[in-house]
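Please look over the sequence and the three-dimensional structure shown below. The paragraphs that follow lead through the strands and then turn to the DNA.

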Amino acid sequence: MVKSIFVGNLAWSAEDDDLRNFFAECGTVIRVRIMKDQETGRSRGFAFVDMDADEADAAIETLNGKNLMGRPATLSEAKAREPRRS
DNA sequence: GTTGAGCGTT
């Protein structure tokens with residue numbers, strides 16, 4: 001099972017590989033996607049990371065507030081697109 | 001050569 005992690009407070013120069021390496025130390029990164037402006041091509045400052053549920057939970061608690069590209073990363077479970085509950 | 005709260009796309 002995979003879980004989506006919301007990553008905020010990203011550096012403008014952050015790329016998918018940077019986030020992948022950042023999360024890779026806590027588990028296996030399945031998918032990394034940085035939200036970038038489609039018109040300007042610049043980073044919006046946040047991204048989403050898909051990892052195994054156990055590893056994602058561990059990553060959020062372990063890498064949350066850690067130093068990412070010189071800035072404290074804001075990690076949280078993504079829940080905006082598909083809400084829980086039926 | 002910028003900015004900074006925020007939840008996406010095949």
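Strand β2, residues 29-36, and strand β3, residues 43-52, pair in the antiparallel sense over 6 bridges. Here strands are DSSP runs of E with at least two residues, numbered from the N terminus, and two strands pair if DSSP finds at least two bridges between them. The model is predicted, and for this reason local features need pLDDT of at least 70 and side-chain atom pairs count only at pLDDT 80 or more, whereas totals for chains, interfaces and linings use all residues. Residues are numbered from 1 along each chain as its sequence is written, chains are lettered from A and ligands numbered from 1 in the order in which they are written, and side-chain values use heavy atoms, with hydrogens and water left out.

In the pairing of the two strands, K36 stands opposite S43 in β3. The hairpin that β2 and β3 form has 6 residues between the strands, and G41 in this hairpin takes a positive phi near 80°.

With a relative accessible area of 13%, S43 is buried; buried means under 20% relative accessible area, exposed means over 50%, and partly exposed lies in between, with a 1.4 Å probe and protein chains only. A polar atom of the S43 side chain lies 3.2 Å from the backbone nitrogen of G45. Leaving aside neighbours within four places in sequence, S43 is in contact (heavy atoms within 4.5 Å) with A11, W12, I34, M35 and K36.

Strand β3 also pairs with β1, in the antiparallel sense and over 6 bridges. In this second pairing, S4 stands opposite D50 in β3. Which side chain makes a polar contact with the side chain of D50? The partner is the side chain of S4, at 3.0 Å. A polar contact is a pair of N or O atoms within 3.5 Å; within protein, one must be able to donate a hydrogen and the other to accept it, and residues adjacent in sequence count only if both atoms are side-chain atoms.

D50 is buried yet has no salt bridge, and R31, the nearest side chain of opposite charge, is 5.4 Å away. A salt bridge is a side-chain nitrogen of Lys or Arg within 4 Å of a carboxyl oxygen of Asp or Glu. As for charge, Lys and Arg count as positive and Asp and Glu as negative, while His and the chain ends are not counted. Apart from neighbours within four places in sequence, the residues in contact with D50 are K3, S4, I5, V29, I30 and R31.

Strand β1 has a further partner: β1 and β6 pair in the antiparallel sense over 4 bridges. There F6 stands opposite S76 in β6.

Of the 20 residues around DNA strand B, L10, R33, R42, R71 and R81 come nearest. Of the DNA atoms within 4 Å of the protein, 17% belong to sugar or phosphate and the rest to bases. A polar backbone atom of L10 is 2.4 Å from a base nitrogen of DNA strand B, and a polar backbone atom of K79 is 3.4 Å from a base oxygen of DNA strand B.

Conventions:
Near = heavy atom within 4 Å.
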